[in-house]
Every structure is written in C-alpha cells, then in structure tokens.
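The exercises below are to be worked with the sequence and the coordinates side by side. Each task is followed by a solution in steps.

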Amino acid sequence: MERVLSGMRPTGRLHLGNYLGALRNWVALQDKGYQCFYFIADWHALTTEYADPTRVAEYSYEVALDWLAAGLDPERSVLFLQSKLLEHAELHVLLSMITPVSWLERNPTYKEIRQELKDRDLATYGFLGYPVLQAADILIYKAHYVPVGVDQLPHLELTREIARRFNYLYGDLFPEPKPKLTEIPRVPGVDGRKMSKSYDNAIYLADSPQEVWEKIRPMVTDVQRMRRTDPGDPEKCPVFDLHRAFTPQEDREEIIQGCKTAGIGCIDCKRVLYGHLMETLGPIHERRKGLEVQPQKVRNIILDGSRKARDEASRTMEYVRKAIKLWPL
Ligand code: TRP
Ligand code: SF4
C-alpha cells in the first residue's frame with residue numbers, strides 16, 4: 001500500500017483556510033485507503049516560536065482536537081507528535097552532515113520568512129536547518145507521497161536532493177518522495193483579505209454555529225454593491241469565494257443570477273452560504289465539543305499514534321545506522 005505523510009506546524013486553532021487547503025485533503029487520502037502518517041510538527045514550530053514554547057504546546061493540543069473533529073481517524077491513520085519521536089532528531093543530525101549550507105541558504109522560504117518575521121531573531125542554526133528536519137520527517141517513514149501546498153515545494157525538492165545524496169554516499173535506502181499538490185482554493189477572511197490568524201479575520205473549526213453566523217453576517221461583499229437595489233458581481237465578492245467551496249453548483253447558479261439582477265440581497269446570500277457551510281462545520285463542531293471534555297482521550301490517541309510511528313521510524317534507523325557503519329563491530 002502506498003504511504004502518505006504530512007505534517008502541520010501547531011501555530012493556532014485551524015481555520016477554514018487550513019481546512020480547505022490541507023486538512024480536507026488529508027481526510028480524503030485516508031478515506032481512499034492510503035497508509036497515512038500525519039504529525040504535529042512542534043519542533044518545526046519551535047524554530048520560530050522558541051521564545052514562547054508554552055503556546056506551542058497549547059496549540060499542539062488544539063490541532064489534535066481539530067484533526068479528530070475534521071475526520072482524521074486514529075484507527076486508520078497514524079496521528080502523532082514530532083517531539084515524541086527522538087528518531088527524527090537522530091536522522092536530522094545525520095542528514096545535517098551531508099547537507100551543504102548553500103542548499104539551505106538558497107531556500108526561498110528561508111529568506112521570505114525571515115523578511116516576514118522581522119521582529120524575531122531567526123539567525124539561528126535551527127531555523128536554517130528547518131528543511132533538513134523536514135527531510136528527516138519524510139524519509140524516516142519512506143513516504144511515497146507528501147500532500148503539501150505549493151509553498152512547500154522547495155522543501156520537498158530539498159528532501160529529494162538530500163535523499164539522493166544519502167543514497168549515493170551510503171547505498172540505496174530512501175525512495176524519493178513525490179509531492180501531492182493540494183489545490184489551494186482562494187479562501188478569503190471576513191474582511192476580504194486572505195484568511196489568516198494574524199489578520200484576525202478567520203472562521204475557526206472550533207467556532208460555534210452562532211459565532212460563525214456573527215462573522216459571516218457583516219462579511220465584506222462586492223464593494224460596488226452599496227444598496228440592496230444595486231446589482232452585484234459575484235466574481236468580485238469574497239462571500240462568493242466561500243460559496244465556491246461550500247455551495248453546490250445548482251444553488252450557486254441561483255446566487256449568481258440573483259446577485260447580478262439584484263434579485264437577492266447580500267444577507268439572503270449569506271444565509272444560503274451559512275446553511276451550506278454548516279453542513280460541513282456542524283458535524284465537525286459537534287465532534288469537537290465531544291472531545292473537548294475528554295482531553296485524556298485526545299492525549300492518548302496522540303501517544304498511541306506516536307508509538308505506532310516509532311515502530312516504523314526505529315526500523316528505518318536501524319538500516320540507516322548499518323548503512324553509515326559508525327561502529328566497526
Ligand atoms: N513545513 C511544513 C509547513 O510549514 C510542515 C512540515 C514539517 C511538513 N515537516 C513536514 C510537511 C514533513 C510535510 C512533511 O507546512
Ligand atoms: Fe456577494 Fe452574495 Fe452580495 Fe452578490 S449577493 S455581492 S455574491 S454577498
């Protein structure tokens with residue numbers, strides 16, 4: 001069976017953008033019968049959040065809740081926490097020996113994120129080595145496919161280069177993993193900008209139905225449509241971007257028609273969206289509420305998953321140690 005692996009940095013509760021851009025696809029891969037390994041990349045989060053690790057821990061728990069609520073199933077997928085797998089650290093150190101610094105310095109996300117997070121000191125060894133750790137995460141499970149967004153392609157290419165170099169130096173051990181590109185739809189936040197935790201415009205999987213409606217109701221629409229009698233243009237409306245993701249084709253046609261002819265008002269339109277949105281979010285919200293009162297259960301699911309992951313990771317590490325032959329006996 002083909003193996004899929006992916007990770008997520010715990011940087012907060014998951015919102016619709018995270019759901020549509022990654023999580024929904026992870027669940028679909030699980031449902032298609034791939035052997036899936038999904039992990040919370042808390043060490044990766046620490047590369048930028050090292051000054052405040054308690055938040056990383058909190059978010060790891062929140063992410064686990066969101067995953068289970070959204071339909072990742074610990075019976076079928078291995079769900080685990082990176083920092084429980086010391087094997088990742090061992091492989092990371094070994095891969096760091098063979099990875100040229102120039103490969104890391106030319107990594108586009110390295111430059112971009114340092115620009116973005118100017119308030120933090122990211123001139124650290126750990127941050128530069130971010131993709132080496134990611135390569136270890138992937139190669140240790142000999143994953144065939146890695147579902148990621150385009151932003152992660154440079155990291156995956158580096159993983160492939162590191163695998164080739166390892167195989168060349170020590171013998172063929174690692175298959176080169178392929179990206180499984182997730183089509184990332186445009187997911188605007190309630191202010192019309194890209195949905196993001198840092199813009200404070202996000203709809204969270206954890207939001208109650210009421211909170212969801214209170215965010216949708218005042219959401220920015222086609223700015224040209226000022227009065228109820230003005231016709232609007234769904235192509236210029238962030239509300240319609242959400243319709244694309246959640247509303248079935250037929251109802252969407254009606255919205256387009258109604259909007260362009262001023263047949264419907266924006267509040268009517270948002271009510272329709274809310275209805276369809278809740279078809280997805282309602283069950284997620286219910287499951288999340290059920291799990292929130294059982295933190296010990298969530299904790300055990302992740303610890304069990306980490307044990308399952310260790311079976312695989314430690315097997316690979318035995319081969320790695322043999323390949324490098326550090327001890328003559
Ligand atoms: N770098 C990824 C991100 O920011 C997270 C990640 C860490 C990851 N290790 C991974 C993704 C291994 C896929 C495979 O989204
Ligand atoms: Fe946007 Fe809907 Fe209003 Fe048209 S009717 S402008 S699609 S919210």
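Helices (H or I, at least four residues) and strands (E, at least two) are DSSP runs, numbered from the N terminus. The model is a predicted one, in which local features need pLDDT of at least 70 and side-chain atom pairs count only at pLDDT 80 or more, whereas totals for chains, interfaces and linings use all residues. Residues are numbered from 1 along each chain as its sequence is written, chains are lettered from A and ligands numbered from 1 in the order in which they are written, and side-chain values use heavy atoms, with hydrogens and water left out.

**Exercise 1.** Determine which element gives the most residues to the shell around ligand 1, and describe the polar contacts there (pairs of N or O atoms within 3.5 Å).

*Solution.* Begin with the shell, where a residue is near the ligand if one of its heavy atoms lies within 4 Å of it: helix 8 gives the most, with 4 residues. Next, take the polar contacts one at a time: a polar side-chain atom of Arg9 lies 3.1 Å from an oxygen atom of ligand 1, a polar side-chain atom of Tyr130 lies 2.7 Å from a nitrogen atom of the ligand, and an N or O atom in the side chain of Gln134 is 2.9 Å from a nitrogen atom of ligand 1. Finally, consider the elements that give two or more residues to this shell, which are strand 1 (3–8) and helix 8 (130–139).

**Exercise 2.** Find which residues line the second largest cavity.

*Solution.* A cavity is defined on a 1 Å grid over the protein atoms alone, as a set of points where a 1.4 Å probe fits but cannot get out, and lining residues have an atom within 4 Å of a point. The lining consists of Asn107, Thr109, Tyr110, Ile113, Phe127, Leu128, Tyr130, Pro131 and His155. Of the elements involved, helix 6 gives the most, with 3 residues.

**Exercise 3.** Decide whether Ala262 and Lys325 are buried or exposed.

*Solution.* Buried means under 20% relative accessible area and exposed over 50%, with partly exposed in between (1.4 Å probe, protein chains only). Ala262, in the loop between helix 12 (249–260) and helix 13 (266–292), has a positive phi of about 60 degrees although it is not a glycine, and at 15% relative accessibility Ala262 counts as buried. Lys325, in the segment after helix 14 (295–324), has a positive phi of about 50 degrees, again without being a glycine, but Lys325 is exposed at 65%.

Definitions and conventions: A polar contact is a pair of N or O atoms within 3.5 Å; within protein, one must be able to donate a hydrogen and the other to accept it, and residues adjacent in sequence count only if both atoms are side-chain atoms. On a 1 Å grid over the protein atoms alone, a cavity is a set of points where a 1.4 Å probe fits but cannot get out, and a pocket is an open set with protein on both sides within 12 Å along at least five of seven lines; lining residues have an atom within 4 Å of a point.
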